[in-house]
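Start with the sequence and the model.

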Amino acid sequence: MASTEFGRMVRHFRDRVSPQAAGLPSGGHRRAAGLRREELAMLAGISVDYVTRLEQGRAANPSEQVVEALGRALRLSAAEREHLFHAAGLLPPGQGTVPAYITPSVHRMLDRLSGTPVAVSDASWTLLLANPLYTALMGERHGRDRNGAWRAFAGSDGRVRHTTQSRLALESAVVADLRAAARRYPADQRLRQLVADLRANSARFAELWDAGTVGHHEASRKTIDHPQVGPVTLDCDVLLVAGSDLRIMIYTAEPGSQDAERLELLAVVGTQTLVG
C-alpha cells in the first residue's frame with residue numbers, strides 16, 4: 001500500500017507543476033498542464049522507467065536520495081516533502097544530516113535567472129538542482145559525478161580548464177568544506193561514506209585530509225570548453241543561503257563580450273537540445 005500511495009502522490013504533484021514553473025520550455029502539444037514523466041525524470045536525475053514504475057506501484061522502497069530528488073523536482077513544501085517521505089516508508093532526514101531541502105524562494109530565484117547558468121549544491125557539494133543553461137554549459141552529471149568533491153579528486157574532469165594554481169585552490173577549498181560539513185552534520189552517513197571513499201580512491205585527497213588543509217572558495221574566472229560553442233570564460237560566484245547551508249553557484253559573462261555572445265548562443269542550443 002505504501003508504494004501505491006507514494007505513486008499516487010508523485011503523479012498528483014507532477015500534474016500540478018507546469019513546465020514553466022520548473023524552468024523548462026513549454027512548447028509542443030501537451031495533453032496536460034503538468035510535467036511529463038520524461039521531464040520529471042530529467043529534473044530528478046533518475047530514469048523515466050523508474051518514475052513510471054513508482055507511479056504505477058510496481059517499484060517499492062525508493063531510497064532516501066530518490067525521494068529527496070523527486071521532492072526537489074516537484075517543488076514540494078516542507079510539509080509535502082515530509083508527507084512524501086512517510087508515504088515511501090522513510091523518516092525525513094533529521095538533525096545532524098546535510099540539509100537538501102530547497103526553499104520556494106531559491107526556486108523562484110533560479111526561475112528569474114533563466115539567462116544565467118545557476119546550480120544549487122548542498123554542504124557536501126552534491127548537486128541538487130541546476131537550471132537548463134547550467135546543464136547546457138557543463139553537461140549532464142550522473143551518479144557520483146553529481147558531487148563536486150568526487151569530481152575534483154576521483155571523477156571526470158568535465159569541461160572546466162584548470163591551471164596548477166587553480167587546481168590546488170579548488171582541492172584545498174573542497175577538503176576544508178567537507179571537513180566543516182562533517183563537523184556540522186555528524187550523523188550524516190552519506191557524508192561519512194563520501195569521505196571514506198575519497199580517502200580510498202584518491203591519495204591526494206587523503207594527503208590533504210590528513211594534513212588538516214584549510215581553504216575557502218573565492219570569486220574566480222573560469223574557462224569552460226564547450227563542444228558546440230567553443231571556450232567560454234565566465235565569472236563564477238558562490239553564494240551561501242542563510243539557514244539552509246546551500247551553495248548557489250552563478251556564472252556570468254562580461255556584457256558585450258564574445259563570451260556573452262557565446263552564452264546567448266548556448267541558451268538557444270541548449271533549449272533546442274532539451275526540446276529534441
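The largest cavity holds about 40 Å³ of space. A cavity is a set of points on a 1 Å grid over the protein atoms alone where a 1.4 Å probe fits but cannot get out, and lining residues have an atom within 4 Å of a point. Grid points are joined across faces, edges and corners, and a volume is the space filled by probe spheres set on the points.

This is a predicted model, in which local features need pLDDT of at least 70, side-chain atom pairs count only at pLDDT 80 or more, and totals for chains, interfaces and linings use all residues. Residues are numbered from 1 along each chain as its sequence is written, and side-chain values use heavy atoms, with hydrogens and water left out.

## Cavities

Two cavities reach 30 Å³ or more. The largest is lined by Glu68, Gly71, Arg72, Leu76, Arg81, Tyr101, Ile102 and His107. Helix H4 gives the most to this lining, with three residues. Helices (H or I, at least four residues) and strands (E, at least two) are DSSP runs, numbered from the N terminus. By class, the lining of the largest cavity has three nonpolar, two polar and three charged residues. Here Ala, Val, Leu, Ile, Met, Phe, Trp, Tyr, Cys and Pro count as nonpolar, Asp, Glu, Lys and Arg as charged, and the others, Gly among them, as polar.

The second largest cavity has about 30 Å³ of space. Its lining consists of Ala22, Leu43, Arg72, Ala73, Arg75, His107 and Leu129. Four of these are nonpolar, one is polar and two are charged.

## Pockets

A pocket is an open set of points with protein on both sides within 12 Å along at least five of seven lines. The table gives the volumes of two pockets.

| Pocket | Volume |
|---|---|
| Largest pocket | About 840 Å³ |
| Second largest pocket | About 700 Å³ |

For the largest pocket, 40 residues form the lining, and the closest to its centre are His162, Leu170, His217, Lys222 and Met249. Several elements each supply at least two lining residues, among them helix H7 (132–138), helix H8 (148–153) and strand E4 (230–241). H9 gives the most, with seven residues. The lining of the largest pocket divides into 18 nonpolar, 13 polar and nine charged residues.

The second largest pocket is lined by 29 residues, and Gln65, Thr126, Gly143, Arg146 and Arg190 are the closest to its centre. Helix H2 (37–44), helix H4 (64–73), strand E2 (127–130) and H10 give two or more residues each. H4 has the largest share, five residues. By class, this lining has twelve nonpolar, nine polar and eight charged residues.

## Helix packing

Two packed helices are described by the angle between their axes and the distance between the axes. Axes are lines fitted to C-alpha atoms, for helices over the stretch in contact, and angles run from 0 to 180 degrees between N-to-C directions.

H2 and H4 pack at about 115°, with their axes 8 Å apart. Their crossing is right-handed. A crossing is left-handed if the near helix is turned anticlockwise from the far one by less than a right angle, and right-handed if clockwise. Leu40, Leu43 and Ala44 of H2 meet Ala69, Leu70 and Ala73 of H4. Contact means heavy atoms within 4.5 Å. This contact has six nonpolar, no polar and no charged residues.

The axes of H9 (residues 164–184) and H10 (residues 189–201) come within 10 Å and cross at roughly 145°. This crossing is left-handed. Leu178, Ala181 and Ala182 in H9 meet Leu191, Leu194 and Leu198 in H10.

## Buried residues

Alanine 88 sits in the loop between helix H5 (78–87) and helix H6 (104–112). Is alanine 88 buried or exposed? Alanine 88 is buried, because its relative accessible area is 9%. Buried means under 20% relative accessible area, exposed over 50% and partly exposed in between, with a 1.4 Å probe and protein chains only. Leaving aside neighbours within four places in sequence, alanine 88 is in contact with Phe6, Pro62 and Val67.

Valine 98 also lies in the loop between H5 and H6. Valine 98 counts as buried, at 8% relative accessibility. Not counting residues up to four places away in sequence, its contacts include Asp122, Tyr185 and Leu191.
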